[in-house]
Structure formats: C-alpha cells, structure tokens
Amino acid sequence: MLIEYSKASIYQEDKCVLKEFDFRLEEGEFVYLIGKVGSGKSSFLKTLYCELDIDSAEKAVVLERDLLNIKSKHIPELRREMGIVFQDFQLLHDRTVLSNLEFVLKAIGWKDKTEIAEKINQVLESVGMQNVKNKLPHELSGGEQQRVAIARALLNNPKIIVADEPTGNLDPETAEAIIILLKEITRTGTAVIMSTHNIPMLDKIPGIVYNCENGTMTELKA
C-alpha cells in the first residue's frame with residue numbers, strides 16, 4: 001500500500017474542507033480525483049507531500065511514513081520518492097529544458113555528468129521530448145511544456161506521481177495525450193493520482209475515481 005488514509009480530516013484555516021474520508025492507493029494504480037472548485041481536491045493532494053497538514057485521522061500513511069507524526073527533517077526524503085506535476089508546469093523560464101532537468105538532479109545530489117546526461121535522455125525519451133533539450137520553455141507549446149514537467153517528475157523514479165489539474169491549461173486533444181502518457185507510466189509500477197475537471201476523459205481512459213463533494217471524499221464504484 002503506497003497511501004492509506006482512514007477517517008482523515010483536512011482544514012484550510014478554520015474551514016473543514018474534507019471530513020473523515022478514506023483513501024487508498026496501491027502500486028501501479030491510476031486514480032482520478034474529481035469535484036467542483038473548492039471541494040478539497042488540491043488540499044488533499046498537498047497533504048500527500050506535507051505542504052498542508054492533516055488535522056486528524058485514524059491513519060495517514062504515505063510511502064510508509066506516518067504523516068501524523070512525521071518530523072520536518074524527513075519531509076524532503078518523502079518528497080524525493082514522489083513526482084509532482086502542476087497545472088502551470090512550473091519550469092524555470094530562464095533555463096533550457098536540459099538546464100531545468102540538470103538543476104533538479106544536482107539539487108538532489110547527482111554529480112556524475114555522464115549519469116546526469118543519461119538520466120535526462122531517458123526521461124525525455126519516455127515522454128517523447130528528446131529533441132527539445134536546448135529549447136527554452138517559452139519556445140514550447142503548453143502540451144510540450146507539460147511533457148517536460150512530467151519528465152522532470154520522473155527523474156527520481158518516483159513511486160507516486162501527484163498531478164494537480166495537469167491538463168487544465170491544455171486543449172482537449174493535447175489533454176487527452178497527456179492523460180494517456182500518465183496512464184502509460186503506471187505500467188512501470190508507478191502509481192498516478194491526478195485531479196481533473198475533464199469528466200469525459202474518465203470513460204475514454206478508465207481509472208479508479210474518487211469524488212470530492214459536500215466536504216467528503218468517496219470512491220465511485222464502476
């Protein structure tokens with residue numbers, strides 16, 4: 001089990017956004033998180049990498065860490081076992097694609113130039129972006145930038161990819177291609193959880209669906 005929450009509650013300031021919900025994620029699973037704006041999707045995702053605290057729970061475990069008792073010094077280690085993908089890509093705009101990815105690897109301690117180059121080639125090839133290494137982000141389309149952002153998320157061989165509205169800024173055709181790519185990644189054993197408003201995609205590219213509504217989260221049965 002990669003993630004297990006039991007009777008968890010999450011607050012934003014003084015407001016309870018999700019109350020006493022359960023959630024589970026296992027290796028290789030592909031999970032959609034749906035719900036209206038403000039329903040708690042992003043708040044939940046932020047708790048997974050400890051950007052937001054869980055107010056209370058019977059159990060809140062992510063990658064074998066108890067989030068109710070995790071020390072701040074252990075949070076970077078937890079995050080290194082995840083890949084996080086954002087709606088707005090969050091690439092460094094003054095650096096090429098290559099420099100963006102080198103920056104991440106060097107920040108987590110990679111030093112060997114040959115190993116760095118090989119890893120970058122590997123992740124860019126896996127998302128079909130091996131020919132854009134020397135381009136700046138503004139020279140890429142939105143879909144290309146998101147593919148690079150997914151490549152960046154793959155640098156650590158993550159056990160989980162957390163994607164918060166990764167297709168929100170993309171046209172429907174490009175959005176479908178990105179979701180297909182994320183689904184393909186689960187074949188390697190990496191689990192993917194993504195929030196989305198793209199409801200028609202749930203039928204095209206099936207996955208496990210959790211719905212955030214009226215302050216709680218429930219799994220929708222197929």
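Q: How many salt bridges does the count come to?
A: The count comes to eight salt bridges. Please note that this is a predicted model.

Q: Which residue forms a salt bridge with glutamate 77?
A: Arginine 65 does, with the closest N and O atoms 3.5 Å apart. The pair links distant parts of the chain, since glutamate 77 belongs to helix α2 and arginine 65 to strand β5, twelve residues apart.

Q: Is arginine 65 buried or exposed?
A: Arginine 65 is buried, because its relative accessible area of 14% falls under the 20% cut-off. Glutamate 77 is partly exposed, at 38%.

Q: And what about glutamate 81, which partner does it have in a salt bridge?
A: Glutamate 81 pairs with lysine 159, and their closest N and O atoms are 3.3 Å apart. Lysine 159 is partly exposed, with a relative accessible area of 43%.

Q: Changing topic, what is the strand order in the open sheet of four strands?
A: The order is β2-β1-β4-β5, with antiparallel pairing. Strands β2 and β5 stand at the edges with a single partner strand each, so one side of each has no neighbour in the sheet.

Q: How many bridges pair β1 and β4?
A: Four bridges pair these strands in the antiparallel sense. Isoleucine 3 stands opposite valine 62 in β4.

Q: Which strands does helix α1 lie across?
A: Helix α1, residues 41-48, lies across β1, β2 and β4, and runs at about 120 degrees to β1.

How values were computed:
Residues numbered from 1 in each chain as written. Predicted model: local features only at pLDDT ≥ 70, side-chain atom pairs only at ≥ 80, totals over all residues. Heavy atoms only, no water. Pairing = 2+ DSSP bridges. Helix = DSSP H or I, 4+ residues; strand = E, 2+ residues; numbered from the N terminus. Contact = heavy atoms within 4.5 Å. Axes fitted to C-alpha atoms, helices over the stretch in contact; angles between N-to-C directions. Salt bridge = Lys/Arg side-chain N within 4 Å of Asp/Glu carboxyl O. Buried < 20%, exposed > 50% of the residue type's maximum accessible area, 1.4 Å probe, protein only.
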